[in-house]
Amino acid sequence: MDAGCLCQALPLERQLDVKSVVITHSHMDHTNSLPFFVDNVFGRIEGGVTIYGSEPTLYSVRKHLFNSASWPDFSLLPNHLEPAIHFESFEDERELVIGDVSFLPIAVDHVIPTHGMLIESGGASFLWSSDTGPTQRFWEVANRTPNLKGIAIDVSFDNSLQQVADASGHLTPATLASELEKLEVDVPLYIHHLKPFCIDAITREIEGVARGRVQLLEQGRTYRF
Ligand SMILES: [Zn+2]
Ligand SMILES: [Zn+2]
């Protein structure tokens, strides 16, 4: 899911295992390695790679990345009959099944159309917010999902940058605290998407939120639910 650093995170051989990429929104920190990834695996993945996104996300990815100017249009290469990439759109709250994992896209509140995902596999569900400011439906889905094992939620800025967070559709520890009043289930909460210069302050400010139930999602660590 998402491809902000797919090429940096996975060695080449593992990139060949990636047959599908689900994109939550078109911002560059979620898409910028997609062109290089497709270039790396071009001609090496039978049937090509499928890129899933909402209609607005795919429109933007095609127009601004795979537009023949920024990067080749790999949906026409090597030919339009057997292209290296396929674009498939998803819709709000219509289940998308890829292999043995299902994704339920949930519209969240960011500055452009963005979807969080309820991800389900092997009887366990996990809720991923993508980028969002204060939102509603996401928490309703959390409350009505019986096998929910955890939630990852965007906290990009510390409290001193509340105005920036509000203007850019992100949360701070303060707005997370009020968001959590909408959550009725007791599951672990992991924060992600921290801006590098805000990490220390967020780490301090998050301590008192939700009686210590909130932790930072760690880069490079494997989580099993
Ligand atoms: Zn974003
Ligand atoms: Zn982002």
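The model is predicted, so local features need pLDDT of at least 70 and side-chain atom pairs count only at pLDDT 80 or more, while totals for chains, interfaces and linings use all residues. Residues are numbered from 1 along each chain as its sequence is written, and side-chain values use heavy atoms, leaving out hydrogens and water.

**Aromatic pairs**
- The structure holds 10 aromatic pairs, counted for rings of Phe, Tyr and Trp (its six-membered ring) with centres within 6.5 Å; planes under 30 degrees apart are stacked, over 60 edge-to-face and the rest tilted.
- Phe66 and Phe74 are edge-to-face, because their ring centres lie 6.4 Å apart and their planes stand at 85°.
- Phe66 is buried at 2% relative accessibility, and Phe74 is buried at 4% (buried is under 20% relative accessible area, exposed over 50%, partly exposed in between, with a 1.4 Å probe and protein chains only).
- Phe126 and Phe225 form a tilted pair, with centres 4.8 Å apart and planes at 35°.
- That pair links distant parts of the chain, 99 residues apart: Phe126 lies in strand β7 (residues 124-128) and Phe225 in the segment after β10 (214-216).
- Phe126 is buried at 12%, whereas Phe225 is partly exposed at 43%.

**Strand β7 and its neighbours**
- Strands (E, at least two residues) are DSSP runs, numbered from the N terminus.
- Four of the five residues of β7 are buried, so the strand is largely enclosed by the rest of the structure.
- Strand β6 (residues 115-121) runs antiparallel to β7 and is joined to β7 by five bridges; strands pair if DSSP finds at least two bridges between them.
- Four bridges join β7 to the parallel strand β8 (residues 148-154), where Leu148 is the bridge partner of Ser125.

Definitions and conventions. Chains are lettered from A and ligands numbered from 1 in the order in which they are written.
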